[in-house]
Amino acid sequence: MNFELDADRRMLADALGRYLSEQYSAEYRNQTAYGSTGHSAETYAKLAEIGAIGALFPEAVGGFGGEGVDIGVVFETLGHHLVAEPLLGALLVGRAITEAGSAAQRERLEGIVAGETLCALAHDEPDNHYELNRVATTASKSGDGWVLNGAKAVVLFGDQAQLLLVSARTAGAVGDEAGISLFLVPGDAAGITARGYGRIDGGHAAELVLTDVRVGADALLGMEGAGHALLERIVGFGLLALSAESLGAMERAKGDTLEYLRTRKQFGVPIGSFQALQHRMADMLLEVEQARSAVINAAAAIDDDDRVAREKALSAAKYSVGKIGTLIAEEAIQMHGGIGVTWELPLAHYAKRLVMIDHQLGDMDHHLARWMALGA
Amino acid sequence: MDLQFTPEEQAFRSEVRAFLKDHLPPALAAKVRAGQRLTRADQEGWHAILNKKGWLAYHWPKEHGGAGWTPIQKFIFDDECALAGGPRLVPFGLSMLGPVLIKYGNEAQKKHWLPRILNGDDWWCQGYSEPGAGSDLASLKTSAVRQGDHYIVNGQKTWTTQGQHANMMFCLVRTDRAAKAQSGISFVLIDMKQPGVEVRPIRTLDGDAEVNEVFLTDVKVPLENLVGEENKGWTYAKYLLTYERTGIAGVGFSMAALEKLKLIASRVQKNGKPLAQDPQFATRMAQVEIDLNNMAMTNLRVLAAVQGGGVPGAESSMLKIRGTVIRQELLSLIRRAMGPYALPYIEEAQFAEYAEPPVGPKEAATAAAAYFNYRKLSIFGGSNEIQRNIISKMILGL
């Protein structure tokens with residue numbers, strides 16, 4: 001077996017890593033991520049130019065990758081540099097169009113891959129608590145098109161996205177799998193009100209209220225009422241991306257902590273000479289390696305035709321990074337002592353991101369329960 | 001064994017409860033329950049209410065204006081206060097400096113400073129930690145050199161909580177550089193409102209700025225502001241820290257947090273049912289509740305020993321470790337109960353004055369920030385690693 005990246009992917013990772021090392025310092029990141037829009041249009045365009053977005057999509061739709069490994073490489077690098085730019089939205093919405101889009105809908109992909117169209121998945125709702133099937137937003141037929149009504153919660157960059165992918169119920173009761181449909185809705189469609197806000201870990205999100213939002217027949221993505229499977233499929237891409245992002249952030253938090261143990265002196269010696277801390281650092285190392293294996297499993301499984309095998313690997317990865325990421329965040333802060341809880345220390349922002357990843361697309365409890373429910 | 005509180009103690013609990021019902025301002029309690037940030041006026045106001053009743057410095061002896069309560073009475077008071085949504089008392093003057101002055105200060109110092117603590121005339125802060133000397137306190141470098149009738153102090157202090165409000169600081173300084181680390185340290189009182197004292201805020205990861213760096217440049221400290229003997233400050237510092245660590249167990253605060261968690265879990269819906277009925281979340285809540293009850297009993301056992309004449313020593317380290325871990329777990333569960341709503345962070349929503357409707361459940365505004373902010377519990381007051389060292393040395397003899 002060979003776990004090395006092939007030449008093309010290594011080149012992409014190197015180029016991306018080099019750009020971020022040079023142009024995306026901790027100060028710049030915090031300035032833009034905690035700033036008025038939560039990101040930088042310039043950085044986002046540059047990431048697209050380097051190919052970070054294109055790598056998330058197969059050649060057939062204008063990308064140059066799209067395999068699990070590609071997604072893993074890109075998001076691990078983003079995690080390593082704590083990038084707050086809206087690539088997750090591009091992945092989720094772009095892959096939904098790739099999977100189920102009509103020829104006309106696929107034309108939107110060019111703008112997404114080029115970094116010109118900002119995208120957001122609008123699925124979570126105030127009471128769904130990570131459940132994919134709890135959709136209360138409705139879409140009813142009106143003439144040729146549809147009318148959408150409902151509320152969407154914590155939509156990443158939802159106040160700035162030009163293209164929203166909205167889950168809505170076209171039949172059935174809240175909680176049913178059947179009857180969910182997905183719609184491509186312009187972010188500035190009449191009837192959408194967005195309440196935007198900054199996130200605790202940087203970046204933006206918004207609460208969306210949809211009041212009689214009218215869209216044409218061509219807004220429906222995939223088959224009417226069969227959106228659950230598509231939603232699960234694209235959230236799967238998101239689980240892989242977030243898991244890889246977490247892994248990148250963990251590696252960095254681990255590295256920073258190790259450096260601190262080597263250099264910070266107390267009682268006249270480097271604190272890394274204390275066995276109590278050595279053992280915990282050793283545990284951090286082995287936990288991060290477990291997380292890496294979980295991400296590799298998920299990346300390998302993302303295109304598995306066997307739904308149970310695929311979804312179990314994805315849930316296993318998200319469960320693992322939720323648990324391990326939180327552990328790494330808490331241990332890294334603790335071992336840094338007082339400086340670990342300051343804004344000034346880049347690590348503190350990594351810790352916030354690591355913990356907040358557990359609050360996206362299902363937390364460790366959610367995915368452990370899902371893993372068990374998926375059965376053998 | 002008799003595990004019941006005595007009838008007198010139970011009567012005392014009723015008295016405290018009745019007092020809180022009548023005198024704790026509901027708006028203040030609501031702020032505390034919501035985890036919103038308190039203003040200086042909030043804290044001073046609550047101190048004044050307690051002082052009027054004679055319950056402010058409840059662990060001081062009566063002759064100095066304290067309540068003269070037993071350890072069990074103090075525990076009951078803390079418990080009831082926390083459950084009623086009472087704010088934590090600002091400890092610097094009351095629980096840290098006060099006991100040191102009472103035990104080691106001279107008559108003039110007691111007469112001058114103790115009443116001022118009670119009346120709120122001074123806002124004290126603590127000058128212990130330094131950039132190179134956090135948990136390794138004995139390596140502190142701030143120097144004090146005698147010059148006529150005063151010391152000249154130079155150095156830098158850090159993690160000075162609420163130093164931005166303070167006009168006075170009790171401070172550890174090095175008065176003998178030649179002596180062994182612990183023996184050349186003195187305990188002095190510094191007027192913050194004089195030239196040479198500069199306070200700079202340190203922003204913490206949650207966005208707040210409650211801690212500070214304090215720069216001391218040629219700061220004058222009159223000799224009468226030396227507490228106890230020169231070069232004996234380490235003894236007083238250790239005495240003070242023992243007091244600090246007992247408070248950090250925070251049983252009452254954990255009890256209140258548990259109540260809040262249960263309330264939230266009964267409201268937040270997961271898969272159409274309250275989160276409290278989710279088997280995994282319910283398991284986590286049950287585990288932390290059992291841990292908390294065990295810790296509360298451990299706390300009572302230590303208090304009973306103290307009541308019998310013992311001094312809390314390494315036991316306070318035990319309480320600090322368990323107490324902080326449990327509080328952090330409770331804050332973690334409150335954060336996790338918010339689901340995706342842990343992500344939004346609206347600075348203004350940390351304050352009671354925020355008039356907009358909440359984003360998500362109303363507890364979400366502060367849940368994640370509180371979780372991140374209170375990672376400090378296991379770091380300050382002597383990190384939990386240092387507490388484990390103390391236990392290994394003092395209890396286990398290793």
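**Figure 1. Polar contacts between chain B and chain A in the predicted model**. Between chain B and chain A, 21 residue pairs are in polar contact, with both partners at pLDDT 80 or more. On chain B, the side that touches chain A draws at least two residues from each of β9 (269–270), α9 (279–307), α10 (314–337), α11 (364–373) and α12 (384–394). The largest share of this side comes from α11(B), which supplies four residues. By class, the side of chain B that touches chain A comprises 26 nonpolar, 13 polar and ten charged residues.

**Figure 2. Extent of the interface of chain B and chain A**. Contacts join 49 residues of chain B to 48 residues of chain A. About 4200 Å² is buried between the two chains, and 57% of this area lies on carbon and sulfur atoms. L205(B), Q280(B) and L343(B) account for 18% of the area that chain B buries against chain A, more than any other three residues.

**Figure 3. Salt bridges across the interface of chain B and chain A**. Side chains of opposite charge can pair when their charged atoms come close. Six salt bridges are found across this interface. One salt bridge joins E330(A) to R375(B), with 3.4 Å between the closest N and O atoms.

**Figure 4. The second largest pocket, lined by residues of chain A and chain B**. This pocket holds about 800 Å³ of space. Its lining consists of 28 residues, and those nearest the centre are L327(A), E330(A), V325(B), E329(B) and R375(B). Two of these residues, E330(A) and R375(B), form a salt bridge with each other. Chain A contributes at least two lining residues from each of α9 (275–301) and α10 (307–336), as does chain B from each of α9, α10 and α12. The greatest contribution is that of α10(B), with nine residues. The lining of the second largest pocket divides into seven nonpolar, seven polar and 14 charged residues.

Figure 5. The largest cavity is lined by 45 residues, among which L88(A), L92(A), L156(A), Q360(A) and L361(A) are the closest to its centre. In chain A, the elements α4 (68–80), α5 (87–100), β1 (119–122), β3 (145–156), α8 (227–263) and α12 (364–374) each give two or more residues to the lining. Helix α8(A) provides the largest share, six residues. The lining of the largest cavity contains 26 nonpolar, nine polar and ten charged residues.

**Figure 6. A salt bridge between D201(A) and R353(A)**. Over all chains, 45 salt bridges are found in the structure. In the pair shown, the closest N and O atoms of D201(A) and R353(A) are 2.7 Å apart. The pair links distant parts of the chain, the two residues being 152 residues apart. D201(A) lies in the loop between β6 (192–198) and β7 (204–215) of chain A, whereas R353(A) belongs to helix α11 (residues 346–357) of chain A.

How values were computed
Residues numbered from 1 in each chain as written. Chains lettered and ligands numbered in written order. Predicted model: local features only at pLDDT ≥ 70, side-chain atom pairs only at ≥ 80, totals over all residues. Heavy atoms only, no water. Contact = heavy atoms within 4.5 Å. Buried area = accessible area lost by both parts, 1.4 Å probe. Salt bridge = Lys/Arg side-chain N within 4 Å of Asp/Glu carboxyl O. Polar contact = N/O pair within 3.5 Å; in protein donor to acceptor, adjacent residues only side chain to side chain. Nonpolar A, V, L, I, M, F, W, Y, C, P; charged D, E, K, R; others polar. 1 Å grid on protein atoms, 1.4 Å probe; cavity = no way out; pocket = protein on both sides within 12 Å on 5 of 7 lines; lining within 4 Å. Points joined across faces, edges and corners; volume = space filled by probe spheres on them.
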